[in-house]
Amino acid sequence: MPKTALITGITGQDGAYLAEYLVKQGYVVHGIKRRSSSFNTDRIDHLYQDPHTENRNFILHYGDMTDSLNLTRIIGDIQPDEIYNLAAQSHVKVSFDTPEYTANVDGLGTLRILEAVRMLNLISKTRIYQASTSELYGLVQEVPQNEKTPFYPRSPYAVAKLYAYWISVNYREAYGMHVSNGILFNHESPVRGETFVTRKITRAVSKIALSNQRELYLGNLSAKRDWGHAKDYVRAMYLILQQEKPSDYVIATGVTTSVREFVRLAFASIGVDVVFTGEGLKETAVITAVDKSLFCQKVSEEAYDKFVKRIGEVVVGVDPNYFRPTEVDLLIGDPTKSKTKLGWEPEYDLHALIEDMMLGDMILMKKEDYLMKGGYRVLNYFE
Ligand code: NAP
Ligand code: GDD
């Protein structure tokens, strides 16, 4: 019999990569998606199977992390071997605007899953992965951060995730449940949500190169993150649930980089040198040189002729609207435990990650460029 997995948050970045990975491992994958007024399944459309297909191995259910009855019914119907609880309001800045909702989904949502498994007498059958986060370390008490580093959350998101972390540990200890926390550091990809900083940068750099955007505005350029690739990180989730005993693991690359440096590397990947000058709100990045052959190879010859005229111009500025009321300045993980106990090794370093993201966004933005130039007439509802 193939194993059965249930993924909450299957329409998100990690959900999509994990679903693809588990299907390849021979699992029957069930996912919970929210009802929305427009399609929200872009990332998993390639896995979709018509409901009339026999022996489907990819099945979606409508549901919501705020709806206990719905979650309990789905878990009872499927009786999964593994649950990957990835659903969350996952944007840190947005959590300051929607703190109650974030607590409900990210904190109580986890409790709902744990209670459902307990009430349905699935404790001995179902293993649970909880999507914990390096945001728990917040105002870091130790550098680098490992499984024993004390937590100091700095946002409603991180506080909600702190509850989820500890309620998972508590159910493990109180009821002997196979529940594990993956304390994942930032991980990105070509399908990363567009408002997280890496994707915001790779999209903007692609558009700027094609002359469809003049400037990119960011918040705190000095924040440092330990960035990995989502493809590597979903493999770690799977490995965590294959362990005989449940435990908590840091998943990270062990390398940290500033937002400012990420911007510089994204431009450099298409042959553009930018230099940052000024301080605080007045800090900007200016184009200083363009490598013609790399730019033509990665963008296009047509775009080069226009872009080269922008040498000396500002392409990045600071907008305080993107600052957070309380910031997490530095994250860097120590993945020793996951490397030794899980045998986990990331395949992507930061350069490979940026190459992958830039390639994806350049293809996407060239398509948009084509559409903007009249390749397709955009429907206007108010015409
Ligand atoms: P993401 O792209 O924002 O995906 C979040 C998923 O949760 C989406 O499928 C979303 O549905 C779903 N969701 C949100 N609210 C829901 C609700 N009320 N009910 C049901 N589903 C809901 O996030 P991600 O980057 O894949 O991250 C996956 C998980 O890992 C999250 O829990 C996140 O907090 C955590 N995490 C992420 C990172 C990272 O760097 N990516 C690091 C550490 C931990 P829609 O598609 O409909 O919005
Ligand atoms: N989003 C965003 N937009 N962030 C910016 C910007 C901007 O314009 N300018 C600077 N930043 C800084 C943020 O202040 C933060 O310090 C850093 O870039 C990273 O921000 P995000 O990409 O939004 O990610 P995050 O670190 O806050 O949260 C992500 O990683 C966590 C794991 O550490 C999310 O995926 C969380 O769900 C996840 O738990």
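Reply: What follows covers a helix pair, some salt bridges and one threonine, all in a predicted model.

Me: Helices to begin with. At what angle do H2 and H4 cross?

Reply: The axes of H2 (residues 68–78) and H4 (residues 99–119) cross at roughly 45 degrees and come within 9 Å. H2 and H4 are therefore oblique to each other. The crossing of H2 past H4 is right-handed.

Me: Which residues in H2 and H4 meet?

Reply: From H2, Ser68, Leu71, Thr72 and Ile75 take part, and they meet Arg112, Ile113, Ala116, Val117 and Met119 of H4. Sorted by class, this contact has six nonpolar, two polar and one charged residues.

Me: New topic. How many salt bridges are there in the whole structure?

Reply: A search finds 18.

Me: Which residue does Asp77 pair with?

Reply: Asp77 forms a salt bridge with Arg73, at 3.9 Å from N to O. Both residues lie in helix H2, four residues apart, which is about one turn of the helix.

Me: What about Arg214, which residue is its partner?

Reply: Arg214 forms a salt bridge with Glu313, and their closest N and O atoms are 2.5 Å apart. Arg214 lies in the loop between H6 and strand E8 (216–218), while Glu313 lies in the loop between helix H10 (301–307) and strand E15 (314–318), so the pair ties together parts that are 99 residues apart in sequence. Arg214 counts as exposed because its relative accessibility is 52%. Glu313, with a relative accessible area of 27%, is partly exposed.

Me: How far apart are the closest N and O atoms of Arg235 and Asp232?

Reply: They are 2.7 Å apart, in a salt bridge. Arg235 and Asp232 are about one helical turn from each other, because they sit three residues apart in helix H7 (residues 230–242). Arg235 is buried, and Asp232 is buried as well. Elsewhere, salt bridges that share partners join Glu135, Arg225 and Glu327 into one network.

Me: Last one: where is Thr202?

Reply: Thr202 is in helix H6 (residues 197–209).

Me: Why does Thr202 count as buried?

Reply: Its relative accessibility is 0%, so Thr202 counts as buried. Leaving out residues up to four places away in sequence, Thr202 touches Phe262, Met357, Met358 and Asp361.

Key
Residues numbered from 1 in each chain as written. Chains lettered and ligands numbered in written order. Predicted model: local features only at pLDDT ≥ 70, side-chain atom pairs only at ≥ 80, totals over all residues. Heavy atoms only, no water. Helix = DSSP H or I, 4+ residues; strand = E, 2+ residues; numbered from the N terminus. Buried < 20%, exposed > 50% of the residue type's maximum accessible area, 1.4 Å probe, protein only. Contact = heavy atoms within 4.5 Å. Axes fitted to C-alpha atoms, helices over the stretch in contact; angles between N-to-C directions. Parallel < 35°, antiparallel > 145°, perpendicular 65-115°, else oblique. Left-handed = near helix turned anticlockwise from the far one by under 90°. Nonpolar A, V, L, I, M, F, W, Y, C, P; charged D, E, K, R; others polar. Salt bridge = Lys/Arg side-chain N within 4 Å of Asp/Glu carboxyl O.
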